[in-house]
Amino acid sequence: MQSLSVAVDMAGCPNRCRHCWLGNHRNGKMTTQELCDIARQFSAYVQELTVHSWWREPDYRDDYRELWALEQELSSPGMAKRFELLSIWRLARDESYASWAANLEPKVCQISFFGMEESTDWGIRRKGAFQDNMLATQRLLEVGIAPRWQLFLTKRNLDDLDEFLRLVYKLDLHKHGEVFIGGISPEGAGYEIEGLRIEENDLALIPKELIDICREGTDLLGQPEYVLLEELMQDNSPPNLTANVHCISINADYDAYPNIAEPTSWWRLGNLKSNGVDAIIKTYLDETTPGMKANREIPISMLARKYGNPNSKKLYHKDDLISRWMHEWGVEQKSII
Ligand code: SF4
């Protein structure tokens, strides 16, 4: 491989968001020595290695500054990378964090909402999460980082939208930052809230003014399942889900996953400790996990016939609907994996 990223879930995440496609992996306490050992093992296989000390919440550990320095040291020159993500939990607790982050790129930070306070605390599954979002927004604005509010819609929070719009206006967030309505991938924890997925008829309940100030309007919500089904029933190609970059994620139990879909047993590459890095890399390159094989072999039309619902008006982006069917396929295989 020319390049590979390795993301190590050293500390986990303070949240258990209901939309999280990564699911509910255990929070660990991996040492910096363990991170160094993992990086060393993978570095023998690639020309350009990028090492991340986190997989879920960036900068969650108190030694986040040292970890960022270590990521740069362990990665190939110039390959360490920051994203438009910071720890909202830390922004609300560590007064020096925002100004530290402001010296790095990028100058944008995403913050997730499920509506107003009760709905957002419900969605992030942590009391106080909404108030953390508010304080984080204030601290980001103070240091010149643009907050990008991501609003997840479910049937449970449609009544919140007028108040949410007023809040955006009150903070002038549509001018100083950005707001967008995100789609929920029906994988990991996200699959468990499929019963709350909004439907075609719910679109009329979203205030037009909110749609107008959202970056892509409601485009990311996609189309009703019954509409997409007509097209996908005719598609005989396999899903061929891919990621932008080669990436292997290692959880706190040393289980390794490709960064293609939800980290479940049918995608699992093996265990770095018990199977070894050779086997993990070979499984990754040969694409031999049940999920990876299905991703290259099962025709979408077959998934559509088996798992599609012609009466469903639930809204999906096309890739998300295919991911749901892959999840349903995987759950059925679970007993034999
Ligand atoms: S979505 Fe992000 S913040 Fe929420 S549980 Fe998953 S990793 Fe943590």
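## Strand 8 and its neighbours

Guide: Strand 8 and strand 9 (residues 270-271) run antiparallel and are joined by 2 bridges, with Asp255 standing opposite Asn271 in strand 9. Residues are numbered from 1 along each chain as its sequence is written. This is a predicted model, in which local features need pLDDT of at least 70 and side-chain atom pairs count only at pLDDT 80 or more, while totals for chains, interfaces and linings use all residues.

Visitor: Why are strand 8 and strand 9 said to pair?

Guide: Two strands pair if DSSP finds at least two bridges between them, and a strand is a DSSP run of E, at least two residues, numbered from the N terminus. Strand 8 and strand 9 are joined by 2 bridges, so they meet that requirement.

Visitor: How do you know that strand 7 and strand 8 pair?

Guide: Strand 7 (residues 247-250) and strand 8 share 3 bridges in the antiparallel sense, and therefore count as paired. Ile250 stands opposite Ala256 in strand 8. The two strands form a hairpin with 4 residues between them, where Tyr254 in the turn has a positive phi of about 70°.

Visitor: What makes strand 2 and strand 9 edge strands?

Guide: The open sheet has 5 strands in the order 2-1-7-8-9, with mixed pairing, and strand 2 (48-52) and strand 9 each pair on one side only.

Visitor: Why are both faces of strand 8 called covered?

Guide: A residue is buried if 20 or more other C-beta atoms lie within 10 Å of its own, with C-beta atoms placed from the backbone. Asp255 and Tyr257 on one side, and Ala256 and Pro258 on the other, are all buried, so both faces are covered.

Technical notes: A residue is buried if 20 or more other C-beta atoms lie within 10 Å of its own, exposed if 12 or fewer, and partly exposed in between; C-beta atoms are placed from the backbone.
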